[in-house]
Amino acid sequence: MKKILVVSCENIRDKHCIACLKCFKALARREGEFARYRDEEVQVVGWTTCGGCPGMVLPRITLVQELARLYENDFDVIHLGTCLVKAAKVCNCPLDLESIKNKLETVFKKEVVIGTHNY
Ligand code: SF4
Ligand code: SF4
């Protein structure tokens, strides 16, 4: 069982990517970056955002981590949504995803995956 946390772009989520339907579909079908869980159960522990530009992802995840532990439902893997990848291309997103991935892995000792659905 993999417990995952998804981080999405505040500018895109539910504004241009409505109701996170794409990621829920991909997760249900184990497509895109969720294909890695093809033979595994997955529980979505939480679904948060970068908090808005300029994207204070580390403090955000620190808070999520504290609360997840408080509720005794911690996560194993952080997915940086496809919206974050697209934001770099269409919204002048200031985030450097590779750098954030490395920092998150170092600070939280958790697996970090860049991307979610591939539609
Ligand atoms: S890419 Fe996924 S997490 Fe991001 S807004 Fe779209 S459905 Fe939601
Ligand atoms: S453009 Fe980047 S920093 Fe701004 S809301 Fe989206 S992901 Fe966050």
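Two strands pair if DSSP finds at least two bridges between them. Keep in mind that this is a predicted model.

**Exercise 1. Find how many bridges join S3 to S4, and in which direction the two strands run.**

Solution. 
- Step 1: Locate strand S3, residues 77-80, and strand S4, residues 111-114.
- Step 2: Count the bridges that join S3 to S4: there are four, and the strands run parallel.
- Step 3: Pick one position to check by eye: Leu-80 stands opposite Ile-114 in S4.

**Exercise 2. Work out which residues of S3 are the bridge partners of Ile-4 and Val-6.**

Solution. 
- Step 1: S1 is joined to S3 by four bridges, and these two strands run parallel.
- Step 2: Start at Ile-4, whose bridge partner in S3 is Val-77.
- Step 3: Move on to Val-6, which has His-79 as its bridge partner in S3.

**Exercise 3. Give the strand order of the sheet and explain why S2 and S4 each have one side without a neighbour.**

Solution. 
- Step 1: Read across the open sheet of four strands: the order is S2-S1-S3-S4, and the pairing is parallel.
- Step 2: Look at the two ends. Strand S2 (42-49) and S4 are at the edges with a single partner strand each, so one side of each has no neighbour in the sheet.

**Exercise 4. Describe how helices H2 and H4 cross, and list the residues that make the contact.**

Solution. 
- Step 1: Two packed helices are described by the angle between their axes and the distance between the axes.
- Step 2: For helix H2 (residues 57-70) and helix H4 (residues 97-108), the axes come within 11 Å and cross at roughly 35°.
- Step 3: List the contact residues. H2 gives Val-57, Leu-58, Ile-61 and Gln-65, while H4 gives Ile-100, Lys-103, Leu-104, Val-107 and Phe-108.
- Step 4: Sort the residues of this contact by class: seven are nonpolar, one is polar and one is charged.

**Exercise 5. Which residues are closest to ligand 1, and which are closest to ligand 2?**

Solution. 
- Step 1: Around ligand 1 there are 13 residues, and the closest are Cys-17, Cys-20, Cys-23, Gly-81 and Cys-83.
- Step 2: Ask which elements give two or more residues to this shell: they are strand S1 (2-8), helix H1 (21-29) and helix H3 (82-90).
- Step 3: The shell around ligand 1 holds six nonpolar, five polar and two charged residues.
- Step 4: Turn to ligand 2, which has 14 residues around it; Cys-9, Cys-50, Cys-53, Gly-55 and Cys-93 are the closest.
- Step 5: The shell around ligand 2 divides into 10 nonpolar, three polar and one charged.

**Exercise 6. Where is Pro-54 found, and what kind of peptide bond joins Cys-53 and Pro-54?**

Solution. 
- Step 1: Go to the loop between S2 and H2, where Pro-54 is found.
- Step 2: Check omega for the bond joining Cys-53 and Pro-54: omega is about 10°, and the peptide bond is cis.

Key:
Residues are numbered from 1 along each chain as its sequence is written. Chains are lettered from A and ligands numbered from 1 in the order in which they are written. This is a predicted model: local features need pLDDT of at least 70, side-chain atom pairs count only at pLDDT 80 or more; totals for chains, interfaces and linings use all residues. A residue is near a molecule or strand if its C-beta atom, placed from the backbone, lies within 6 Å of it. Ala, Val, Leu, Ile, Met, Phe, Trp, Tyr, Cys and Pro count as nonpolar, Asp, Glu, Lys and Arg as charged, and the others, Gly among them, as polar. Axes are lines fitted to C-alpha atoms, for helices over the stretch in contact, and angles run from 0 to 180 degrees between N-to-C directions. Two residues are in contact if their C-beta atoms, placed from the backbone, lie within 7 Å.
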